[in-house]
Amino acid sequence: MIKPYFISATLVPAFYFMVGVVFTFVPEIPSADLKIPYEKIKIPLLFTQEIGIFFIIFSILIRQIYNISKEVYLLMNNTFKFVLLLSALISPYLYYYTKAPQLCVIFGINIFFIALLQYEKVKAKK
């Protein structure tokens, strides 16, 4: 019997790893996009780097869980969806203040990842 391959175990970590690298090593780019237009307050670069480290750790954990056990990966599917939902809900809130169109794209990507995880869960139960 062929073991199932979950594409989300590659796409989600790859996306969050790439975003984490940008947030960690070039924090000026996301910080400039997330500034409030009518105020001079900018998101501190250290905070942006902390978010990048979180994204890198999140991507490594997801991939390692998948590599160790596909059954545990499926059991943690709801947890991954919850974390992605929280991450998705932050985007509209930040968009309201910053009007950065990148946040709408990130919101859509997170919703796509949630739908992909749900699809794989349903497919694995069959």
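Read along the sequence, the protein chain follows the pattern α-α-α-α-α-α. In total, its secondary structure comes to six helices and zero strands. Please keep in mind that we are looking at a predicted model.

Let me turn to the overall dimensions. The C-alpha trace of the protein chain spans about 60 × 25 × 15 Å along its principal axes. The chain has 126 residues, of which 34% count as buried.

I now come to the packing of helices. Two packed helices are described by the angle between their axes and the distance between the axes. I shall discuss two pairs.

Helix α1 covers residues 8-25, and helix α3 covers residues 45-68. Their axes lie 7 Å apart, and the two helices pack at an angle of about 155°. How are α1 and α3 oriented to each other, roughly parallel or roughly antiparallel? Angles over 145 degrees count as roughly antiparallel, and α1 and α3 are therefore roughly antiparallel to each other. The crossing in which α1 passes α3 is left-handed.

Which residues meet here? On the α1 side they include P13, Y16, F17, F23 and T24, and on the α3 side they include Q49, G52, I53, F55, I56 and R63. By residue class, the contact of α1 with α3 divides into 15 nonpolar, seven polar and one charged.

Let us look at one of these residues, T24, in helix α1. Is T24 buried or exposed? The cut-off for buried is under 20% relative accessible area; T24 has 12% relative accessibility and therefore counts as buried. If we leave aside its neighbours within four places in sequence, T24 is in contact with Q49, G52, I53 and I56.

The crossing of α5 and α6 is left-handed. The residues of this contact comprise 16 nonpolar, seven polar and two charged.

Notes
Residues are numbered from 1 along each chain as its sequence is written. This is a predicted model: local features need pLDDT of at least 70, side-chain atom pairs count only at pLDDT 80 or more; totals for chains, interfaces and linings use all residues. Side-chain values use heavy atoms; hydrogens and water are left out. A crossing is left-handed if the near helix is turned anticlockwise from the far one by less than a right angle, and right-handed if clockwise. Helices (H or I, at least four residues) and strands (E, at least two) are DSSP runs, numbered from the N terminus. Ala, Val, Leu, Ile, Met, Phe, Trp, Tyr, Cys and Pro count as nonpolar, Asp, Glu, Lys and Arg as charged, and the others, Gly among them, as polar. Buried means under 20% relative accessible area, exposed over 50%, partly exposed in between (1.4 Å probe, protein chains only). Contact means heavy atoms within 4.5 Å. Axes are lines fitted to C-alpha atoms, for helices over the stretch in contact, and angles run from 0 to 180 degrees between N-to-C directions. Angles under 35 degrees count as roughly parallel, over 145 as roughly antiparallel, 65 to 115 as roughly perpendicular and the rest as oblique.
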